[in-house]
Structure formats: C-alpha cells, structure tokens
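Have the sequence and the model open side by side as you read. This report goes from one residue to the whole chain and back to single residues.

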Amino acid sequence: RLASSNPQTVANALYAATKYEEDWNWVQDQCLRSLDSPDVAVRWAAATCLGDLAFLRHPLNVDVVVPALEAASKDAEIGDPASFSLSMVRQFLVSK
C-alpha cells in the first residue's frame, strides 16, 4: 500500500505500519522517505508516525529523525504535527 498512487492509502499504510509492524527501523525509514512526498496527507502521516514511534519508545535514530522533523516543522502544511512529533522525540528518546 505504500506504493499506491492514492495519497490517503499511503497515509493509512504508514499509520498501520506504525501500529503493527515489528521492524521499527523499516517504519522509521518509510516515514523519513515520506516526509518528502508531494502529497500533504502522506507528509502529515509521516511526521505524525515518527512522533507515535517515539511515544511508543521505539529506538529511532535520533541523529536522523530530529533534523528531518526540524526541517518538516518549517513546512507550512505539516508544521504543527511535525513540531509536535519533534517534541515527542525529544521528550521520550533524546537523553538530557
């Protein structure tokens, strides 16, 4: 479903992978790749899912995820969910 031409199908696939896929590195990579999608629904889902993965305390690569979410937070169309996800990553995964 991630290869679908329907943006909502791709977004739903990202949400499902975040909930049910056991390979969190693969999910992280799919989300990072999807942050560059031309479709807002896909970028929104990707940003949201990265925050969900952090909340679930899956070991994300914060050296890659934090800069990606910082950049995404500057995207006017997905800035809010990207900023929220960035706060989740910082709260749950980044050592203080």
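Let us begin with one side chain: is R43 buried or exposed? R43 is buried, with a relative accessible area of 7%, and this value, like all the others here, comes from a predicted model. R43 lies in helix α3, which covers residues 40–55. Leaving out residues up to four places away in sequence, R43 touches S34, L35, D36, S37 and P38, and also D75, E77 and I78.

**The chain as a whole**

Along the principal axes, the C-alpha atoms fill a box of roughly 40 × 30 × 15 Å.

Buried residues make up 43% of the 96 residues. The accessible surface comes to about 5,500 Å², and 51% of that surface belongs to carbon and sulfur atoms. Take the contacts between residues at least 6 apart in sequence: 57% of them join residues at least 24 apart. As for charge, the chain carries 8 positive and 12 negative charges, and their mean positions are 5 Å apart.

**The core and helix α2**

Now for the inside. The largest nonpolar core has 28 residues, and the members that touch the most other members are L14, C31, L35, L50, V65 and L69. Each of α1, α2, α3, α4 and α5 supplies at least two residues of this core. The largest share, 8 residues, comes from α3.

Not counting residues up to four places away in sequence, C31 touches L14, A46, C49 and L50. C31 is also one of the buried residues of helix α2 (residues 24–34), along with W24, V27, Q28, Q30, L32 and S34. What do the buried residues of α2 pack against? They pack against α1 (7–20), α3 and α4 (62–72).

A54 is found in helix α3. At 0% relative accessibility, A54 counts as buried. Beyond the residues up to four places away in sequence, A54 touches L60, M88, V89, F92 and L93. The C-alpha atoms of A54 and S87 are separated by 9.4 Å, although these residues are 33 residues apart along the chain.

M88 lies in helix α5 and is buried, with a relative accessible area of 11%. With residues up to four places away in sequence again set aside, M88 touches G51, A54, F55 and L93.

V94 is partly exposed, with a relative accessible area of 32%. V94 touches V62, V66 and V89, not counting residues up to four places away in sequence.

**Two exposed residues**

K19 is found in helix α1, and at 61% relative accessibility K19 counts as exposed. R57 sits in the loop between α3 and α4. At 53% relative accessibility, R57 counts as exposed. The backbone of R57 deserves a look too: R57 has a positive phi of about 60 degrees although it is not a glycine.

**C-alpha distances to check**

To finish, here are some pairs you can pick out in the viewer.

| Pair | Apart in sequence | C-alpha to C-alpha |
|---|---|---|
| K19 and C49 | 30 residues | 9.0 Å |
| V94 and V66 | 28 residues | 9.3 Å |
| A54 and S87 | 33 residues | 9.4 Å |
| M88 and N12 | 76 residues | 21 Å |

Methods: Residues numbered from 1 in each chain as written. Predicted model: local features only at pLDDT ≥ 70, side-chain atom pairs only at ≥ 80, totals over all residues. Heavy atoms only, no water. Buried < 20%, exposed > 50% of the residue type's maximum accessible area, 1.4 Å probe, protein only. Contact = heavy atoms within 4.5 Å. Areas by Shrake-Rupley, 256 points an atom, 1.4 Å probe, with all protein chains shown as cover. Lys, Arg positive; Asp, Glu negative; His and termini not counted. Charge placed at Lys NZ, Arg CZ, Asp CG, Glu CD. Helix = DSSP H or I, 4+ residues; strand = E, 2+ residues; numbered from the N terminus. Core = buried A, V, L, I, M, F, W, Y, C linked by side-chain atoms within 4.5 Å.
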